[in-house]
Amino acid sequence: MKKSLARWGWLFTGPTVAAFIIGFIVPFVLGVYLSFTEFRTVTRSTWVGLDNYAKLFGDEVFLHSLWYTAAFALVTTVLINVFAFAIAYMLVKNFRGKNIFRSVFFMPNLIGGIVLGYIWLLLLNGVLGMWARSITYDATYGFWGMVILMCWQQIGYMMVIYIAGLQSVPTELIEAAEMDGASKSRTLRSVIIPLVMPSITVCTFLTITNGFKMFDQNLALTNGAPSRLSELLALNIFNTFYGRTGFEGVGQAKAVIFLIIVAVIALVQNRFARSKEAAL
Amino acid sequence: MNKRRMATAIAAGMTVAALTGALAGCSNGDSTGSDAEGKVYYLNFKPEQAEDWVALAAEYTEETGVQVDVQTAASGTYETTLKSEMAKSNAPTLFQVNGPVGLANWKDYVADLSDTAIYEHLNDQSVALTGDDGEVLAIPYVQETYGIIYNKAIVNAYLELDDAAVSSIDEINNFDTFSAVVEGIQAHKADLGIEGAFTSAGFDSSSDWRFKTHLANIPLYWQFKADGVTGQPAEINDSYLDGYQAIFDLYINNATVEPSTLSGKTIEDANSEFALGKAAFYQNGTWAYGDVSGQAVADEDLGMLPIYIGADGEENSGLATGSENYWVINNESSEADQEATKDFLEWVITSDTGRDSLANTMGFVTPFDTFADYLPSNPLVLADAEYTAAGKTAVTWNFTVMPSEEWKNGVGQALLQYAQGTGEWDAVETAFVDGWASEYQLANG
């Protein structure tokens with residue numbers, strides 16, 4: 001058995017490993033390497049050391065988009081999870097048409113980001129038009145516009161995960177809590193939430209990273225206007241790389257920093273949430 | 001044992017086949033067209049003529065059998081598209097730069113054009129851009145003109161009114177007169193059946209270049225003229241920015257829309273406002289002819305006025321004429337492809353089909369001597385010819401020396417903030433003057 005695994009193992013893992021190397025390892029290493037170089041097209045580059053990283057810290061637009069993104073990720077994470085949980089909690093109750101409601105809430109997730117961005121651009125501009133404004137009038141408008149859009153798109157998806165979590169809570173436990181005279185809110189707090197903690201871990205992880213990585217909705221809805229004040233990190237990187245000749249390396253350096261930030265936050269969040277699960 | 005070995009060999013063979021198949025799939029694109037004749041891939045800058053180029057390329061392929069692909073970048077995304085296309089193995093053989101600054105960005109990728117037909121046929125060979133050692137690197141293929149396009153029918157209707165500021169369009173030859181006419185038309189917009197004197201000054205990326213680049217050229221032109229600046233200066237000053245503010249105020253305060261809505265307005269909004277006769281004035285150029293004609297505005301009603309900003313001597317200035325469309329050939333393409341590209345360009349400017357398409361379908365005024373019999377019918381081009389015939393000096397295109405896209409964006413964003421009332425004019429001046437110095441420093445420091 002062992003022998004044949006050694007003999008045949010590469011046959012089954014080979015294609016996947018090759019695809020993983022071509023599709024992930026090579027671009028990743030190349031990307032990190034390029035952040036230390038100056039280049040116009042990726043095939044011709046010259047080594048410049050840490051120059052790109054030095055340029056990055058004097059870049060006010062980048063620093064602005066850093067905290068703007070952090071605020072965005074925080075707000076959307078809280079709102080999406082609260083609403084998704086609340087809706088899921090309602091939709092696990094038995095009533096007529098609950099499947100229709102579930103589908104309706106899930107549906108926005110099936111529409112692509114760019115399309116969604118343009119649809120919401122029309123809707124929001126239509127509403128703001130009553131006050132002779134548009135979504136790009138001010139960065140605050142853009143911020144809340146994107147929050148609405150993001151919530152609308154993501155709540156349904158997180159709801160599905162929460163429904164799965166809630167359905168796996170054993171009914172005996174809830175009945176037992178009821179017998180012991182626990183109120184509804186007490187049951188929710190002390191029985192249900194601890195038991196769906198794994199779902200909460202997954203959902204907060206997804207919403208935080210989605211918040212940081214959001215790109216297409218930002219591009220379609222505000223494209224950074226006005227004055228690049230509504231530019232989230234991913235769009236900032238894109239604009240640095242493509243929008244400014246000679247700054248390709250700086251864009252690449254930003255991407256590396258971006259990767260580190262998202263990885264660290266995701267790891268910390270994951271460890272924190274898992275520790276709650278373990279305490280059960 | 002033997003059997004097993006054979007099975008291993010077959011399995012290995014299949015894996016390799018599957019992998020190479022997948023890899024070959026990735027590189028299919030460049031293997032098909034690499035025949036000895038070479039092929040042409042043109043990345044076109046001008047979305048207005050996107051379909052015309054595709055049609056012209058198809059005719060060339062039919063005539064000669066040489067494959068010509070034309071792609072057009074969406075408005076405002078040329079540099080982005082070019083950058084990603086150039087990184088591909090199937091890169092454009094022919095692309096465009098917008099002038100000396102654009103050429104500097106791509107100087108490692110451009111081939112010498114000294115021995116090409118497009119260089120030999122230039123009316124004035126000094127308009128080509130050259131490298132440090134005098135090699136010819138970029139050749140303009142179209143000469144364009146911009147100013148304030150106006151609807152003669154609406155302006156004439158205004159001139160009929162009792163309190164008209166002037167009695168003839170010809171009297172408009174300075175900022176004060178122009179501004180009086182614009183304000184008069186705006187005040188009478190209901191009588192004239194229009195929504196505003198000017199079309200919306202949209203700041204969507206499809207439209208903001210009209211202000212951050214083309215309008216910004218006017219104060220630059222007068223400053224360079226007054227101070228005798230040639231080439232690209234390291235610093236500029238604010239001597240004509242008051243005029244810039246005055247004309248911009250006129251645009252936003254006498255328009256079809258409220259200034260606070262400008263951030264979302266696109267070029268299509270402005271085009272349709274003008275084309276449907278809802279506005280009398282529209283700052284744009286000869287290339288917009290196709291977008292504004294053929295609907296409510298008759299060709300004979302299309303005219304163009306120079307942009308006045310209150311500078312001394314502007315009575316004698318004409319429309320802004322120049323080029324920001326230079327052809328360059330990619331020196332990384334194979335020899336055969338470069339030759340094929342040169343042949344294609346020669347055909348474009350010498351054959352009847354090519355000349356007819358450029359002059360009549362695309363409506364270009366070209367700098368080539370082969371076009372003597374192909375004068376364009378575009379009324380906006382004719383307006384420029386009238387100013388030249390009347391002895392007016394054309395305003396040159398100095399925006400080709402603007403230090404970077406970033407500079408233009410800085411000015412554009414400050415202008416928008418000023419327009420919608422969330423920023424001060426000072427910010428525009430800072431972006432204009434200080435921004436120039438710092439961007440120049442970054443690019444050349």
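In the predicted model, A139(A) touches P226(A), L229(A) and S230(A), leaving aside residues up to four places away in sequence. A139(A) belongs to helix 6 of chain A, which covers residues 139-167. Around A139(A), 19 other C-beta atoms fall within 10 Å, so the residue is classed as partly exposed; a buried residue would need 20 or more.

Chain A as a whole contains 12 helices and 2 strands. The order of these elements from the N terminus is α-β-β-α-α-α-α-α-α-α-α-α-α-α. Taken along the principal axes, the C-alpha atoms of chain A fill a box of roughly 75 × 70 × 30 Å. The chain has 280 residues, of which 31% are buried. When contacts in chain A between residues at least 6 apart in sequence are considered, 74% join residues at least 24 apart.

Chain B comprises 445 residues, and 47% of them count as buried. Its secondary structure amounts to 17 helices and 12 strands. The C-alpha trace of chain B spans about 105 × 50 × 45 Å along its principal axes. In chain B, 74% of the contacts between residues at least 6 apart in sequence join residues at least 24 apart.

Two domains are assigned in chain B: domain 1 consists of 32-143 + 323-371, and domain 2 of 146-321 + 388-444. Their C-alpha centres are 30 Å apart. Across the boundary, 13 residues of domain 1 of chain B are in contact with 14 residues of domain 2 of chain B. On the domain 1 side, the touching residues divide into 2 nonpolar, 7 polar and 4 charged.

Within chain B, helix 16 (residues 405-419) and helix 17 (residues 425-444) have axes that come within 8 Å and cross at roughly 175°. Helix 16 of chain B is therefore roughly antiparallel to helix 17 of chain B, as angles over 145 degrees are placed in that class. Helix 16 of chain B contributes E406(B), W407(B), G410(B), V411(B), A414(B), L415(B), Q417(B) and Y418(B) to the contact. These residues meet W425(B), A427(B), V428(B), A431(B), F432(B), G435(B), W436(B) and E439(B) of helix 17 of chain B. By class, the contact between the two helices has 11 nonpolar, 3 polar and 2 charged residues.

Conventions
Residues are numbered from 1 along each chain as its sequence is written. Chains are lettered from A and ligands numbered from 1 in the order in which they are written. This is a predicted model: local features need pLDDT of at least 70, side-chain atom pairs count only at pLDDT 80 or more; totals for chains, interfaces and linings use all residues. Axes are lines fitted to C-alpha atoms, for helices over the stretch in contact, and angles run from 0 to 180 degrees between N-to-C directions. Helices (H or I, at least four residues) and strands (E, at least two) are DSSP runs, numbered from the N terminus. Angles under 35 degrees count as roughly parallel, over 145 as roughly antiparallel, 65 to 115 as roughly perpendicular and the rest as oblique. Two residues are in contact if their C-beta atoms, placed from the backbone, lie within 7 Å. Ala, Val, Leu, Ile, Met, Phe, Trp, Tyr, Cys and Pro count as nonpolar, Asp, Glu, Lys and Arg as charged, and the others, Gly among them, as polar. Domain bounds come from an automatic or database domain assignment. A residue is buried if 20 or more other C-beta atoms lie within 10 Å of its own, exposed if 12 or fewer, and partly exposed in between; C-beta atoms are placed from the backbone.
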